[in-house]
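Try each task yourself before you read its solution.

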Amino acid sequence: MAAGAGALAAGPFLGAGSAWAAREKELNILCWEGYNSAQVLDPFRSKTGATVKAESLTNDPTMINRLRAGEISTWDLINVNNPWARKVMLPEKLIKPLPKAEFEPFFAKMLPEFKWPYKWAMSEDGNDLLGMVQRFGPYSFVVNTDKISRKTAEETGWDLFNDPALAGKYGILESDDWNVFNLFVVAGIDPFKVHTPEEMAKFGETAKRVFKGAKLIGDIASMNQALISGEIDLHLTGGTYSVSPARADGHPNLRAITPLKGPLAGGKGGISWIEVTSTVNNPNLSPLALEFLKYVQAPDVAHTVAFAEGTFNPVAQMGNPDCFKLFTKEELDAIQWDSLEEEMARSVEYDIVPDYDKALDIMNAAKRLRG
């Protein structure tokens, strides 16, 4: 990546035509897991003859901070959750709008909730298209229904993690922003508002207790393996995104849970995410950036994105019958299609925590106390 960054950094010193030409066969993507999969990228590489590099991270603020730190000249596409494009990246001039005439038609074949003009793909004033939507899903926690029934999990909700009897029986899937969300909700506090000193103190005490009671902290693979082996009965953060590979491997007893109620806006119990992929405000943006965004809209490629190695997820393009028919019964079961609509309905959408940096510091301090 260093060599690529160096080449890009040289771009402004070349003539505009030369700089553009130098990037015609190069594309760099900063993304969540899945878009960096060879299953997704190799056909595009073959089709274009391009060198495509993709780096995956596990939280949005870190990716955005990479752009702020000067990597705006490195990346062509950034794939993050729904609020960042319109609330942060456009105002900070980290991304550039897409040509509406070219991309608006794709929304006509998306699921109903993503039809044009879809809120999170648009600027606040509704004038600019900021990115394309694809993967989405509810993301709260995961249980082994052989140990904790779906009914109990949905009705008890986040208070499961306040139950002393479950200490040592749950895991924490590491993802800084989502862990912050979840700890607020376990504390009975809406994460997506400005918090009082008393609320921050309660958040801190909850973080200490939840991290102390965790059997393990790790990535998606380690959480799923611990659920399968019986080492843990449940974990946060988690959802379709994390548990679907285990379900696809023959473990339907492992299930993503969206609580029936909770402290979120409107009394909702869960949090959902919708990815938006935007073009970076790179002074020498690769012309392949727009081509890639069109490429992943095709029914077969959208299905590949949904079932890229690592995690499996529903995609907005499932509104297109030509895409939906590619999903097998087993694949639909893996992504919990049977309850997807109701679980999304009882979730608030991922948003920005106003005092995130302070909460993250408190959470990390609690994590260090584990030793």
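Predicted model: local features only at pLDDT ≥ 70, side-chain atom pairs only at ≥ 80, totals over all residues.

**Exercise 1. Work out how enclosed helix α8 is.**

Step 1: count. Buried means under 20% relative accessible area, exposed means over 50%, and partly exposed is in between, using a 1.4 Å probe and protein chains only. Helices (H or I, at least four residues) and strands (E, at least two) are DSSP runs, numbered from the N terminus.

Step 2: name some of them. The buried residues of α8 include Asp-177, Trp-178, Asn-179, Phe-181 and Phe-184.

Residues are numbered from 1 along each chain as its sequence is written, and side-chain values use heavy atoms, leaving out hydrogens and water.

**Exercise 2. Describe how the rings of Phe-44 and Phe-292 are arranged.**

Step 1: get the rule. Rings of Phe, Tyr and Trp (its six-membered ring) pair if their centres lie within 6.5 Å; planes under 30 degrees apart count as stacked, over 60 as edge-to-face and the rest as tilted. The structure holds 23 aromatic pairs.

Step 2: apply it. Phe-44 and Phe-292 are 5.2 Å apart, centre to centre, with 90° between the planes, and form an edge-to-face pair.

Step 3: Phe-44 lies in helix α3 (residues 38-48) and Phe-292 in helix α12 (residues 288-295), so the pair ties together parts that are 248 residues apart in sequence. Phe-44 and Phe-292 are both buried.

Step 4: Tyr-241 sits in helix α11 (residues 240-248) and Trp-273 in strand β10 (residues 270-280), so the pair ties together parts 32 residues apart in sequence. Both Tyr-241 and Trp-273 are buried.

Step 5: widen the view. Tyr-241 and Trp-273 belong to one aromatic cluster, along with Trp-32, Tyr-139, Trp-178, Phe-181, Phe-192 and Tyr-350.

**Exercise 3. Which residues have the most contacts inside the largest nonpolar core?**

Step 1: define the core. A nonpolar core is a set of buried Ala, Val, Leu, Ile, Met, Phe, Trp, Tyr and Cys residues joined through side-chain atoms within 4.5 Å.

Step 2: read off the answer. The largest one has 122 residues, and Ile-78, Met-89 and Phe-292 have the most contacts inside it.

Step 3: zoom in on Met-89. Leaving out residues up to four places away in sequence, Met-89 touches Ile-64, Leu-67, Ile-78, Val-80, Trp-84, Leu-94 and Ile-95. Contact means heavy atoms within 4.5 Å.

**Exercise 4. Describe how α10 packs against α11.**

Step 1: find the angle and distance. Helix α10 (residues 220-229) and α11 pack at about 55°, with axes 9 Å apart. Axes are lines fitted to C-alpha atoms, for helices over the stretch in contact, and angles run from 0 to 180 degrees between N-to-C directions.

Step 2: classify. That makes α10 oblique to α11. Here, angles under 35 degrees count as roughly parallel, over 145 as roughly antiparallel, 65 to 115 as roughly perpendicular and the rest as oblique.

Step 3: list the contact residues. Ile-220, Asn-224 and Ile-228 of α10 make the contact with Tyr-241, Ser-242, Val-243, Pro-245 and Ala-246 of α11.

**Exercise 5. Are Lys-93 and Gln-336 buried or exposed?**

Step 1: start with the backbone. Lys-93 has a phi near 60°, and Gln-336 has a phi near 55°. Most residues other than glycine have a negative phi.

Step 2: locate them. Lys-93 is in the loop between α5 (83-89) and β4 (95-96), while Gln-336 is in the loop between α15 (329-334) and α16 (337-345).

Step 3: decide. Lys-93 counts as exposed, at 57% relative accessibility, whereas Gln-336 counts as buried, at 2%.
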